[in-house]
Amino acid sequence: MKPARIPQTVSAPVSWAQMPWGEYYREAIDRQLKPWLGKLYGFHLLKVGNLSAEINTEACAISHQVNISLEGSPIQVMADPLHLPFAEKSVDACLLSHTLPWCSDPHRLLR
């Protein structure tokens, strides 16, 4: 299979406020995810990227939630999403809110 590498000409937004109608989209995602978050179980939820970090996941049953990104706030782990510093099979769920469009190699990120 051919890799889906995408040349990046525009940098990823650091917050929803940097996007047109960004806060509106974040609130819509919050509303749509809320019923599903209560159905997720496990020990570790990984929120990849700054946009994912801003999503409200208080309704999630997974109590240990880690925000990971290369820059910005609120993040707990500063790392490249393509090179996660976690052991294999140690993360139970991932939130990738608008992460794939800004990734140079989305297939690799999903793997």
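**Close-up views of a predicted model**

**View 1. Trp-21, Tyr-24 and Tyr-25 make a nonpolar patch on the surface.** To join a patch, a residue needs over 30% relative accessible area and no salt bridge, with nonpolar side chains (Val, Leu, Ile, Met, Phe, Trp, Tyr) linked within 5 Å and like charges within 9 Å. A salt bridge here is a Lys or Arg side-chain nitrogen within 4 Å of an Asp or Glu carboxyl oxygen. This is a predicted model, where local features need pLDDT of at least 70, side-chain atom pairs count only at pLDDT 80 or more, and totals for chains, interfaces and linings use all residues. Numbering runs from 1 along each chain as its sequence is written, and side-chain values use heavy atoms, leaving out hydrogens and water.

**View 2. Tyr-24 sits in helix α1, residues 22-37.** Tyr-24 has 48% relative accessibility, so it counts as partly exposed (buried is under 20%, exposed over 50%, partly exposed in between).

**View 3. Three helices and four strands build the protein.** Going along the sequence, you'd read α-β-α-β-β-β-α (DSSP runs numbered from the N terminus: helices are H or I with at least four residues, strands E with at least two). The C-alpha trace spans about 35 × 35 × 25 Å along its principal axes.

**View 4. Buried residues make up 32% of the 111 in the protein.** Of the contacts with a separation of 6 or more, 49% link residues 24 or more positions apart (contact means heavy atoms within 4.5 Å).

How values were computed
Accessible areas come from the Shrake-Rupley method with a 1.4 Å probe; for residues, only the protein chains shown count as cover. Buried means under 20% relative accessible area, exposed over 50%, partly exposed in between (1.4 Å probe, protein chains only).
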